[in-house]
Structures are given as structure tokens and as C-alpha cells.
Amino acid sequence: FLSSSTHAAPPVQSKLRIAICSPPDNPPYEVKQPDGTFKGFDVDVWGHIYSNMRTAAFMDQDEEIMDLVGSESSPFIPMPFDHILSNLTVNNIDIGLCNVFVTADRQKVMDFSPVYIETGLVAVLAKKTGSFNVADVLRRVFSSFNAWARFSLLVIIISGLIFA
């Protein structure tokens, strides 16, 4: 007769500092629930990433990574969008969950995950009824600029027509 006792190790919270955009809520990416927890696409993606990090750390038996990752994810730190970016640049947080546009300037100071959602964002213009012609468009464009801006735009247009 063998006696065995199974004691699960107490959970160890991750040391990763993870900020999430809030306020304001940004459905469907991150939405703060009445109980203070967060739900949304970014939360789900982070859950999968964290699970994979834990598995990889366990499989590799890398003590340093296991210590950093822990056995349960850190609570999210709610933070407005602009604070997330500034805190990432000075290493006050490790990860920022927020829908962020990748720009050349941002790539100089922070790393980005691969794009995981294509939004299809576009500029929207009021639909005009009736006909218009190029002369009307140019007249409107040129009437809204000062003289130097009109001259510069005219040079660009003429250069484009000549050298195109």
C-alpha cells in the first residue's frame, strides 16, 4: 500500500508588467467589465501568447524565463493609450495591449508583434451629388492655400505632368 499526497505548487504570478488601453474602452479589442476584469480580442490574444510562453519556459526548463513568466498571468494595468506608449519607451511596462498603428518613429523606440488584425481603416469623404470636373477641384484646392502654397502645388503638378 503506497500513500501519495499531491500538493500543487502555489501559483506564482508573472513578473511581466502588462498595460491595457483603458479608459476609454475600445471594443472589440479591450473592454473593462463591471468586476474590473477585461475582455476582448487583445485579451484573448494575450491569453494564447502567455500560455505558449509558459509552455515554452517549462519545456526548456529555463529558470530565468520561468521566474519571469510565472504560473499565472499578471493583472492588467489599465492605462490610456498615450501613457502606454510613453511607459513602454522608458521601460515602466513590458507589454502594451492596445490597437496601435506601426510607424517608423515608433519602431525606433519599441518592438511590435506581427500584425494580427487587418482593420481596413480608410479615410471617409462626404459623397457629393452632381457632376464635377478637374477645374472645379483645382479651383477649390488653390483657393484654400496662401500664395506660396498655391505656387508650390502648381510647380508639383506641372512637374508631375512633364516628367510622368
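Me: What does the accessible surface of the protein come to, and what share belongs to carbon and sulfur atoms?

Reply: In this predicted model, the accessible surface of the protein comes to about 12700 Å², and carbon and sulfur atoms hold 62% of that area.

Me: And what percentage of the residues is buried?

Reply: Of the 164 residues in the protein, 19% are buried.

Me: Which residues make the nonpolar surface patch?

Reply: That patch, with an area of about 240 Å², is made by F41, Y116 and I117. I117 belongs to the loop between α4 (104–109) and α5 (134–143), and its relative accessible area of 34% makes it partly exposed.

Me: Which residues form the negative patch?

Reply: The negative surface patch is built from D60, D62, E63 and E64. Among them, E64 sits in helix α2, which runs over residues 63–69, and E64 is exposed at a relative accessible area of 67%.

Me: Switching to the fold, how many helices and strands are there?

Reply: The protein has 6 helices and 5 strands, and reading along the sequence gives the pattern β-β-β-α-α-β-α-β-α-α-α. As for the contacts between residues at least 6 apart in sequence, 56% of them join residues at least 24 apart.

Me: How many salt bridges turn up in the whole structure?

Reply: A search of the whole structure gives 3 salt bridges. One of them joins K15 to D67, with the closest N and O atoms 2.7 Å apart; this pair links distant parts of the chain, since K15 is in the segment before β1 while D67 is in helix α2, 52 residues apart. K15 is partly exposed, at 48% relative accessible area, and D67 is also partly exposed, at 41%.

Me: What does R17 pair with?

Reply: The side chain of R17 meets that of D94 in a salt bridge, at 2.9 Å from N to O. Here too the pair links distant parts of the chain, with D94 in the loop between α3 and β5 and R17 in the segment before β1, 77 residues apart. D94 is partly exposed, with a relative accessible area of 33%, and R17 is partly exposed with 33% as well.

Me: Where do D105 and K108 lie?

Reply: Both lie in helix α4, 3 residues apart, which is about one turn of the helix, and they form a salt bridge whose closest N and O atoms are 3.6 Å apart. D105 is exposed at 55% relative accessible area, and K108 counts as exposed at 67%.

Me: Back to charges, is D42 buried or exposed?

Reply: D42, which lies in helix α1, is buried and yet has no salt bridge, the nearest side chain of opposite charge being that of R106, 13 Å away. Leaving aside neighbours within four places in sequence, D42 is in contact with Y29, E30, L97, C98, N99 and Y116.

Me: Now backbone geometry: is the P27 to P28 peptide bond cis or trans?

Reply: The bond from P27 to P28 is cis, with omega near 5°, and P28 lies in the loop between β1 (18–21) and β2 (31–32). Most peptide bonds are trans, and most residues other than glycine have a negative phi.

Me: What is phi at Q61 and at N91?

Reply: Phi of Q61 is positive, near 50°, in a residue of the loop between α1 (41–60) and α2 that is partly exposed at 45% relative accessible area. N91 has a positive phi of about 60° although it is not a glycine; N91 is found in the loop between α3 (81–89) and β5 (95–97), and at 57% relative accessibility N91 counts as exposed.

Notes
Residues numbered from 1 in each chain as written. Predicted model: local features only at pLDDT ≥ 70, side-chain atom pairs only at ≥ 80, totals over all residues. Heavy atoms only, no water. Patch = residues over 30% accessible without salt bridge, like charges linked within 9 Å, V, L, I, M, F, W, Y side chains within 5 Å. Areas by Shrake-Rupley, 256 points an atom, 1.4 Å probe, with all protein chains shown as cover. Salt bridge = Lys/Arg side-chain N within 4 Å of Asp/Glu carboxyl O. Lys, Arg positive; Asp, Glu negative; His and termini not counted. Charge placed at Lys NZ, Arg CZ, Asp CG, Glu CD. Helix = DSSP H or I, 4+ residues; strand = E, 2+ residues; numbered from the N terminus. Buried < 20%, exposed > 50% of the residue type's maximum accessible area, 1.4 Å probe, protein only. Contact = heavy atoms within 4.5 Å.
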